[in-house]
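Subject: Structure for you to look at

Hello,

Here is the structure I promised to pass on. Please open it first, then read my notes below.

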Amino acid sequence: MAATGYGYAQSLVAPPSGNNQKAKVVQNIGPVEVSIAYSSPHVHTATGTDRTGHIWGELVHYGFADQGFGVKSAPWRAGANENTIIKFSHDVKIEGKDLKAGSYGLSLATAKDGPWTWIFSTNTSSWGSFFYNQSEDALRVDVTPKDAPFTEYLMYGFDDRQPNSATAYLQWENKRIPFKIEIPDVNNIYVSMMRDQLRSNVGFDYRNYSQAANFCAQNKVNLDEALAWANHALDPTTGGREEFNTLQAKSSVLAAMGKDADADAAMQKAVRLPDATSLIVHQYGRSLLNAGKKEKAMEIFKFNAQNHPEDKFTLNVGLARGYTAMGDTKNAIKYWEEAIKNIPESQRPSIKIYQGELDKLKSAK
């Protein structure tokens, strides 16, 4: 039977109202995904009318206004046509205030003077803000608008992107209106994701348990479970292996727990394993130097020299760095000279760096 009536006309594909094209921007903040879907009006109309200087306070009304239809007090829809929709995959903070994961209609109450107010509404299905209802507000935050370079098409974006935060913004004509998004407990979100992954096929590889344990140690979170993960990676009955990396992961967790003696004992064992190459041991010594543990680093560099006499470059670099940290300039110069004399082809592009370290010591004598 042929369809009759006018209801089907709304399903026809046609240009958006006012030729305000739809757009979407997606940004990850660590493990959290934030998306903003909107329709983008432009300063110059399709007929060529220039609305520069007539956007804020005119086309976009200040505050809450009667738009001639629907409610008598409505904010701006922060875009064109249907609701602007912002979506968060996890709980966040907006300008320091809590907001649950989910989708929200995004509106903006502008002001001639003073702060502007972003409004996050649980209503995501309306056309613009004609049906705005304050009781559906999930959050309001006040921000200060900023001057911006001329922008023809309304756009959303993100800047000041950090591991656990970013600043979202609307930019149009000569204004940018920001709001800061922060991810509380971002490391615990990562841990939760790792925990779930270790129950999948990822969990059949012991190295992933070490990686998860290292993450927890570096960020000092979830340490009891991290120690269990580190032991799992070492246990042959669960597919684990006793290797330098797996023992180092356990050592890192123990150190984060304040169990320094146990951590040091694990590393003393690790550097003596067959897979502990001169380079791996050298890098461990460098990490001790970076942590300010110069005496322990010196012990490792000396051990490396005794255990890997065949590597006449790496072990001499380690001794040179160790003696430099200890303030023994004479021996530091001696071992830099030996290192440069035995530099392998792979390190020749960096010879100026090593020579610079030597020259610095000689000029300081």
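**What I found**

The side chains of Glu 345 and Arg 348 meet in a salt bridge, at 3.2 Å from N to O. A salt bridge here is a side-chain nitrogen of Lys or Arg within 4 Å of a carboxyl oxygen of Asp or Glu. Glu 345 counts as exposed because its relative accessible area is 63%. Arg 348 is partly exposed, at 39%. The cut-offs: buried is under 20% relative accessible area, exposed is over 50%, and partly exposed is in between (1.4 Å probe, protein chains only).

Some ground rules. This is a predicted model, where local features need pLDDT of at least 70, side-chain atom pairs count only at pLDDT 80 or more, and totals for chains, interfaces and linings use all residues. Residues are numbered from 1 along each chain as its sequence is written, and side-chain values use heavy atoms, with hydrogens and water left out.

**The other salt bridges**

The structure holds 14 salt bridges. Lys 175 pairs with Asp 147, with the closest N and O atoms 3.4 Å apart. That pair links distant parts of the chain: Lys 175 sits in strand E10 and Asp 147 in strand E9 (residues 146–162), 28 residues apart. Asp 147 is exposed, at 67% relative accessibility. Lys 100 and Asp 91 also form a salt bridge, at 3.6 Å from N to O. Lys 100 is exposed at 57%, and Asp 91 is partly exposed at 35%.

**The whole chain**

The protein chain has 10 helices and 10 strands. The C-alpha atoms fill a box of roughly 90 × 55 × 45 Å along the principal axes. The radius of gyration is 31 Å, whereas a compact globule of 365 residues would have one near 21 Å. That radius is taken over C-alpha atoms, and the globule rule is 2.2 Å times the number of residues to the power 0.38.

Of the 365 residues, 43% count as buried. The accessible surface comes to about 19700 Å², and 50% of it belongs to carbon and sulfur atoms. Areas come from the Shrake-Rupley method with a 1.4 Å probe; for residues, only the protein chains shown count as cover. Now contacts, meaning heavy atoms within 4.5 Å. Among those between residues at least 6 apart in sequence, 53% join residues at least 24 apart.

**The loop between E2 and E3**

Start with Ala 78, which is found in this loop. Is Ala 78 buried or exposed? Ala 78 is buried, because its relative accessible area is 0%. Leaving aside neighbours within four places in sequence, Ala 78 is in contact with Thr 84, Leu 106, Ser 107, Leu 108, Trp 118, Tyr 156 and Leu 170. Lys 293 is elsewhere: its C-alpha atom is separated from that of Ala 78 by 55 Å, and the two are 215 residues apart along the chain.

Asn 81 is in the loop between E2 and E3 too. Asn 81 counts as buried, at 6% relative accessibility. Its phi is near 60°, a positive value in a residue other than glycine. Most residues other than glycine have a negative phi.

Asp 185 also has a positive phi, about 55°, although it is not a glycine. Asp 185 lies in the loop between strand E10 (165–182) and helix H1 (186–197). Asp 185 is exposed, with a relative accessible area of 56%.

Phe 69, Trp 127 and Phe 131 make a nonpolar surface patch of about 340 Å². Patches are made of residues with over 30% relative accessible area and no salt bridge; like charges are joined within 9 Å, and nonpolar side chains (Val, Leu, Ile, Met, Phe, Trp, Tyr) within 5 Å. Phe 69 is in the loop between strand E2 (32–40) and strand E3 (84–88).

Ser 126 is in the loop between strand E7 (116–121) and strand E8 (137–143). Ser 126 counts as buried, at 12% relative accessibility. Not counting residues up to four places away in sequence, Ser 126 touches Glu 82, Asn 83 and Phe 131. Its side chain makes a polar contact with the side chain of Asn 123, at 2.7 Å. A polar contact is a pair of N or O atoms within 3.5 Å; within protein, one must be able to donate a hydrogen and the other to accept it, and residues adjacent in sequence count only if both atoms are side-chain atoms.

Best wishes

Notes:
Helix = DSSP H or I, 4+ residues; strand = E, 2+ residues; numbered from the N terminus.
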